[in-house]
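Thanks for coming. I will go through the strands, then the helices on them, then the pockets.

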Amino acid sequence: MTIYDISEKAGVSIATVSRVLNGSDNVSAQTRQKVLSVIQECDYTPNAFARGLGLNSMNTIGILCADSSDLYLANAIYHIERELRQNSYNCILCCTGYGLEDKQKYLNLLVNKKVDSVILVGSNFISDNDAENDYIREAAKEIPVLLLNADFDCDNVYCSLCDDFKSALQATTYLIESGIQDILYLYSSKSYSTLRKLSGYQSALTQKGLPLRTEYMQYFPGNHADLPSIADFLSSLDHTLQYKAVVAADDNLAIGAVKFAHKKGLSIPHELSIIGYNNSILSTCCDPELTSVDNRLESLCHHIVTTLIGILNDKEMPQKVIFSGELIKRGTTR
């Protein structure tokens, strides 16, 4: 028996059950009695939701990420953990890797540890195969689940994300309007976020009446932190593709493109323009400095923690908030 089952039997939302369990005044007497009757009938024992019934909160939040060595994910964890600590919450961090079985195992582990909530950092936790998302649905029946930079419609799941589609569309459009038509999209994962960027790239070409050529949408199969291998990969394409710009799904890939240009003796941005994504510290560590999309990571992390604290304090919070990215223009574009 879970809080989800109680909400189903009582005919109310999970949030309403939570308010009853927390002793909130923002519930009518009739609804409160209905929920309490179902709880008594089902002999339900609440976990961390039941602070109002005398069971103390663990004051602990679980954080899941695929790879803490990834620059984007590492920065996200830093911002989230710092803000949670400022709000007197402890954290348990689990690095799951990218396999579904391990994601399921670690999420179940945290739920069973009775943490107050879980934050899933990164869009790789959401699969195109909807059945593979059932482990998130099951966890959300027990505790609030928050997703950073992913979109998932489910009761008791809250999302904070950047509009990657629009950001990639604007970045690609900027290149086209600067006079470039042969643009390569380079990516190294098939996460929700990456595919939204790909869709934005495609939409920009379509809107400008340019052809969609699959050979100009290249998947790099290696480690995106291996910059020399990225440069070698682009070199291997140089014999067949005549691109004049690269839109990369992250800054690592973009820096690999910069290395490729230097290796080939190409002038940046006159012979090859490059746009990265994330506006990470890498964007100012190359010559010329990298034009990159700022996906508002710090704002996303602040919002997700604010949402979580609101939920745990029995406030109505929006289930989805979308931020707009901003193209930060530097030396790798005209």
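Strand β6, residues 183-187, pairs with β7 in the parallel sense over three bridges. Strands here are DSSP runs of E with at least two residues, helices are runs of H or I with at least four residues, and both are numbered from the N terminus. Two strands count as paired if DSSP finds at least two bridges between them. Within this pair, Tyr187 stands opposite Tyr219 in β7.

Before going on, the source. This is a predicted model: local features need pLDDT of at least 70, side-chain atom pairs count only at pLDDT 80 or more, and totals for chains, interfaces and linings use all residues. Residues are numbered from 1 along each chain as its sequence is written, and side-chain values use heavy atoms, with hydrogens and water left out.

Back to β6 and β7. They belong to an open sheet of six strands in the order β7-β6-β8-β9-β10-β12, with mixed pairing. The edges are β7 (217-219) and β12 (326-328); each has a single partner strand, so one side of each is left without a neighbour in the sheet. From one strand to the next, the twist averages 20 degrees.

Which helices lie across β6 and β7? α8 does, and it also covers β9 (273-277), running at about 175 degrees to β6. Helix α9, residues 227-237, lies across β6 and β7 at about 140 degrees to β6. Contact means heavy atoms within 4.5 Å. Axes are lines fitted to C-alpha atoms, for helices over the stretch in contact, and angles run from 0 to 180 degrees between N-to-C directions.

Now the other sheet. This open sheet of six strands has parallel pairing and the order β2-β1-β3-β4-β5-β11. At its edges stand β2 (90-95) and β11 (320-323), each with a single partner strand, so one side of each is left without a neighbour in the sheet. The twist averages 15 degrees from one strand to the next. Inside this sheet, β4 (residues 145-148) and β5 (residues 157-162) pair in the parallel sense over four bridges, and the bridge partner of Leu148 in β5 is Ser160. Helix α11 packs on the sheet, touching β1 (60-65), β3 (117-121), β4, β5 and β11, and its direction makes about 170 degrees with that of β4.

What does Arg82 form a salt bridge with? Its partner is Glu298, with the closest N and O atoms 3.4 Å apart. Arg82 lies in helix α4 and Glu298 in helix α11, so the pair ties together parts that are 216 residues apart in sequence. The whole structure has 12 salt bridges, each a side-chain nitrogen of Lys or Arg within 4 Å of a carboxyl oxygen of Asp or Glu.

Last, pockets. On a 1 Å grid over the protein atoms alone, a pocket is an open set of points where a 1.4 Å probe fits, with protein on both sides within 12 Å along at least five of seven lines; lining residues have an atom within 4 Å of a point. Volume is the space filled by probe spheres set on the points, which are joined across faces, edges and corners.

The largest pocket holds about 970 Å³. Its lining has 44 residues, and Asp70, Tyr72, Leu73, His224 and Asn278 lie nearest the centre. Helix α4 gives the most to this lining, with five residues.

The second largest pocket has about 300 Å³. It is lined by 19 residues, with Ser13, Ile14, Ala15, Asn156 and Tyr158 nearest its centre.
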